[in-house]
Amino acid sequence: MNKSTCKVGSNLRVLLEAINEVPYGTAFIEDDTNKLVGIVTDGDFRRLLLNGKSLEDQILKSDLGSFVSALKGENFESLLKKTNVKINIVPIINDKGELIDFFEYKHKTKFTPVAEPTLENKELEYLLDAFSSTWISSRGKYIDRFEEEFAAFCNVKHGVATSNGTVAIHLALVALGIGPGDEVIVPDLTFAATINAVLYANATPVIVDVDPITWTIFPEEIEKAITPRTKAIIPVHVYGQACEMDKIMKLANDNNLKVIEDCAEAHGAEFKGQRVGSFGDISTFSFFANKIITTGEGGMCVTNSEELDTKMRKLRDHGMSKEKRYWHDDIGFNYRMTNLQAAIGCAQLEKIEWILDRNDQIERDYIKHLDHLNLFKWQKTYRLNRKVVWLMSCTTEKRKEVMEKLVANNIDVRPFFYCLSEMPVYAKYSFSNKNALKISKIGLNLPTVKEVDYKRVASILAEI
Ligand SMILES: Cc1ncc(COP(=O)(O)O)c(C=O)c1O
């Protein structure tokens, strides 16, 4: 055994040489009687320097933390139990407390992503079926089926599949005739796609604050922001929470405004028993890979209006006339979804309720295992609504520490979106943002994947 030992009272330069001498980057510290009194890893060494020690200072007993050790003769299982992802060296001592050997074991930690799609046999089966049919572009049986079945899932009559959730919002705005000079009210706390789509339509976004409790667009702020130029509101059911659709629809009706629900993060959520996506003139969804169900990239507009459905189908396909091929009545876009994507979507839709239930269980497990740490305020649920769990959402005043600990342990974690109003490219469109600024700074998304080891997460965070 090549043990790197060092005496209490040696200066840090000697300690550093001892650490550098061995591949495992750890020095064992002994007192004058050769008794082991501590161990210092290269990480501990960096912390000593950060705490103000210099290379000429001595290493003192008071600099050393507690450490795990084993007695001569302990078997492999017992030694292994003393290691974990952070402790990979266990000194072995004799009955006088002298170092005689050490045990080294490196635990591999698997990366835990914040979200991952659940792709199984059905997805592959339908994908291969679409592939072998050779209908791999934007026509084929899966497109029609996905549009019909997803619209039915939302309790809406028509679905128009698109290449992603961002263009779905743009398509909705154009189909509703919104353009230059029109104001569109959007929430401050959302992904940038919502406001970008308004800007693609050459309309003027008006960013309003969110409710401090639900984090969704604040109806009172919408009301204050309405002007004669306001043409539409885009409520975003952010992080799976339904907006207050009764108040929003009343405001829209009273002021003759269109409503586009952005449901990218809330497939299956309900407001007072009614599915999101079924309130607005048009509602949009995203099927990006981290969403509740996915088609890789993909989106959909749903509507109860036959007229809007026809308009969107045309605009999605370059504004081409249905009756006269290659004759364009409008300047449209290529916003089509492929049959391959729709095939995956059909398989995903078959198990959406299972995914939503699984995510609800993940939320309950987080609360069960982490609540006692008093670090988190969990996202609110309301008895009459159905909140869906997209990512596990919470707020914490210790966000920096929580993120550092989890990332250091290979667990992915996301801060909430920056407020739109904070970013220079959007700041000039800000109307009100007080609550959003606060929530954005303390909001956090934890992983919603099946491999989450809640006990491990709890023990990592217990150190805070
Ligand atoms: C609220 C919101 N709107 C729109 C989008 C855009 O969807 P996509 O990424 O499919 O373009 C997203 C996606 O992350 C989103 O979170």
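Me: Hi! Which residue in S5 does Ala70 stand opposite?
Reply: Ala70 stands opposite Ile92 in S5. Strands (E, at least two residues) and helices (H or I, at least four) are DSSP runs, numbered from the N terminus. This is a predicted model: local features need pLDDT of at least 70, side-chain atom pairs count only at pLDDT 80 or more, and totals for chains, interfaces and linings use all residues. Residues are numbered from 1 along each chain as its sequence is written, and side-chain values use heavy atoms, leaving out hydrogens and water.

Me: Thanks. How do S4 and S5 pair, parallel or antiparallel?
Reply: They pair in the parallel sense, over two bridges, with S5 covering residues 89-93. Two strands pair if DSSP finds at least two bridges between them.

Me: And what sheet do they sit in?
Reply: An open one of three strands, ordered S4-S5-S6, with mixed pairing. S4 (70-71) and S6 (99-104) are the edge strands, each pairing on one side only.

Me: OK, other sheet now. What is the strand order with S1, S2 and S3?
Reply: That open sheet runs S1-S2-S3, again three strands with mixed pairing. Its edges are S1 (5-7) and S3, each pairing on one side only. From one strand to the next, the twist averages 30°; angles run from 0 to 180 degrees between N-to-C directions, and axes are lines fitted to C-alpha atoms, for helices over the stretch in contact.

Me: How many bridges join S2 to S3?
Reply: Five, and the strands run antiparallel, with S2 at residues 26-30. Glu30 has Leu36 in S3 as its bridge partner, while Thr26 stands opposite Thr41 in S3. The two strands make a hairpin with five residues between them, and Asn34 in that turn has a positive phi of about 70°.

Me: Why is S3 largely enclosed?
Reply: Because five of the six residues of S3 (36-41) are buried. Buried means under 20% relative accessible area, exposed over 50% and partly exposed in between (1.4 Å probe, protein chains only).

Me: Which helix lies across that sheet's strands?
Reply: H1 (residues 12-21) lies across S1, S2 and S3, at about 130° to S2.

Me: Switching to Lys86. Where is it?
Reply: Lys86 is in the loop between H3 (76-81) and S5. It is partly exposed, with a relative accessible area of 47%.

Me: What is Lys86 in contact with, leaving aside neighbours within four places in sequence?
Reply: Asn409 and Glu463; contact means heavy atoms within 4.5 Å.

Me: Nice. At what angle do H13 and H15 cross?
Reply: Roughly 125°, with the axes of H13 (residues 399-408) and H15 (residues 454-461) coming within 10 Å. That makes H13 oblique to H15: under 35 degrees counts as roughly parallel, over 145 as roughly antiparallel, 65 to 115 as roughly perpendicular and the rest as oblique. Val402, Lys405 and Leu406 of H13 meet Val457, Ile460 and Leu461 of H15.

Me: Last one: how do H4 and H11 pack?
Reply: H4 (residues 121-132) and H11 (residues 339-350) pack at about 150°, with axes 8 Å apart. That makes H4 roughly antiparallel to H11. Residues that meet include Tyr126 and Phe131 from H4, and Leu340 and Ile344 from H11.
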